[in-house]
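Please look over the sequence and the structure shown here before reading the briefing.

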Amino acid sequence: MRWYANVREVGGGDTTVVLAHGYGSNQALWDKLVPTLSRRNRVILFDWGFTGGGGGAEHQEEAEEGRYTFGKFADDLIALLDDKGVRGAVLVGHSMSAMAACIASVRRPDLVTHLVLLCASPRYINSPEEGYVGGFERAGIEGMLDAMSSDFGAWVKGFVPNAVGDPASIPPVEASFLAMHPGVALEVARMIFLGDQRGVLGAVTTPCTIVQVAGDFAAPPSVAEYMKRRMTAAAAADVVVIDSVGHFPQLVAPQQLLDVLESVLRRRVGGGGEGEHGAAGEPVAEVPEADGGIDIMA
């Protein structure tokens with residue numbers, strides 16, 4: 001059983017852009033970007049199964065602890081791209097999907113020619129002994145998970161405004177969070193907030209653009225700089241900081257994000273990047289997944 005559903009294709013062209021949403025959201029949160037991106041590109045969107053309308057009944061029932069892992073989400077990204085005949089895509093992963101995209105690119109480098117890692121974080125919990133600042137103390141994360149468990153609706157009402165940062169954009173995000181089954185939402189959040197995916201960064205060879213928002217309390221720009229330093233094998237790793245607020249720039253700062261994406265697409269075409277049906281590279285050995293996780297917000 002795959003964890004993606006409602007696959008949709010828009011536009012057409014030599015380049016395929018895959019938009020993978022994150023925790024608590026769905027493909028509708030890309031709507032402000034799709035008209036522009038689809039003018040010259042084939043755009044593929046989908047819903048992860050944990051969304052209210054994205055998958056079978058298995059995702060709308062209580063989830064057993066440890067069921068969700070980044071590795072499984074990565075495998076389903078691979079399956080989706082294979083099913084659509086995609087090679088050499090520009091893969092845009094938001095939040096949790098950014099780290100799943102990294103793992104997918106390592107396991108199948110033929111599928112992706114450029115990663116756009118949007119509001120990504122490989123680890124949310126601080127590790128002072130390693131000099132790593134993820135933004136949260138473990139006690140704070142445990143308290144958040146307890147709040148989700150006791151009253152999911154109340155937690156959403158308090159969490160989403162902080163995550164979004166823009167009052168006008170709160171309603172669609174709040175609605176998509178509330179569409180999740182509380183038990184599933186808790187287990188996916190547990191995977192994200194308690195997980196540690198830092199180990200995969202050094203294995204990524206695909207060129208990357210790491211896009212953070214200056215006022216994102218969940219994934220601050222310092223995390224982007226850490227990711228860049230760790231991506232020593234990547235053909236390129238650039239950091240772009242959008243001057244905005246919140247964890248959802250596709251809603252709050254769509255034009256700024258479009259500018260970044262169109263710059264990536266222009267460079268890819270100008271650099272003679274392989275088209276979607278270019279020669280397939282050899283899949284590499286599976287990279288062991290770090291401590292399971294999925295991205296905290298969207």
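The notes below cover a helix pair, the nonpolar cores and the salt bridges.

This is a predicted model, in which local features need pLDDT of at least 70 and side-chain atom pairs count only at pLDDT 80 or more, while totals for chains, interfaces and linings use all residues. Residues are numbered from 1 along each chain as its sequence is written, and side-chain values use heavy atoms, with hydrogens and water left out.

**Helix pair**

- Helix α4 (residues 138-150) and helix α7 (residues 182-194) have axes that come within 10 Å and cross at roughly 175°; axes are lines fitted to C-alpha atoms over the stretch in contact, with angles from 0 to 180 degrees between N-to-C directions, and helices are DSSP runs of H or I with at least four residues, strands being E runs of at least two, numbered from the N terminus.
- That crossing makes α4 roughly antiparallel to α7, a label given to angles over 145 degrees.
- On the α4 side the contact (heavy atoms within 4.5 Å) is made by R138, I141, E142, M144, L145, M148 and S149, and on the α7 side by A185, L186, A189, R190, F193 and L194.

**Nonpolar cores**

- The largest nonpolar core has 79 residues, and those with the most contacts inside it are Y23, L117, M148, F177 and M231; such a core is a set of buried Ala, Val, Leu, Ile, Met, Phe, Trp, Tyr and Cys residues joined through side-chain atoms within 4.5 Å, where buried means under 20% relative accessible area, exposed over 50% and partly exposed in between, with a 1.4 Å probe and protein chains only.
- Leaving aside neighbours within four places in sequence, M148 is in contact with Y23, W155, A185, L186 and A189.

**Salt bridges**

- The whole structure contains 16 salt bridges, each being a side-chain nitrogen of Lys or Arg within 4 Å of a carboxyl oxygen of Asp or Glu.
- R2 and D76 meet in a salt bridge at 3.0 Å, N to O, and this pair links distant parts of the chain, with R2 in the segment before β1 (4-11) and D76 in helix α2 (residues 70-83), 74 residues apart.
- Of these two, R2 is partly exposed at a relative accessible area of 43%, whereas D76 is buried at 0%.
- D82 forms a salt bridge with R108, with the closest N and O atoms 2.9 Å apart; D82 is partly exposed at 32%, and R108 counts as buried at 14%.
- A network of salt bridges links D82, R87, R108 and D110.

Technical notes: Parallel < 35°, antiparallel > 145°, perpendicular 65-115°, else oblique.
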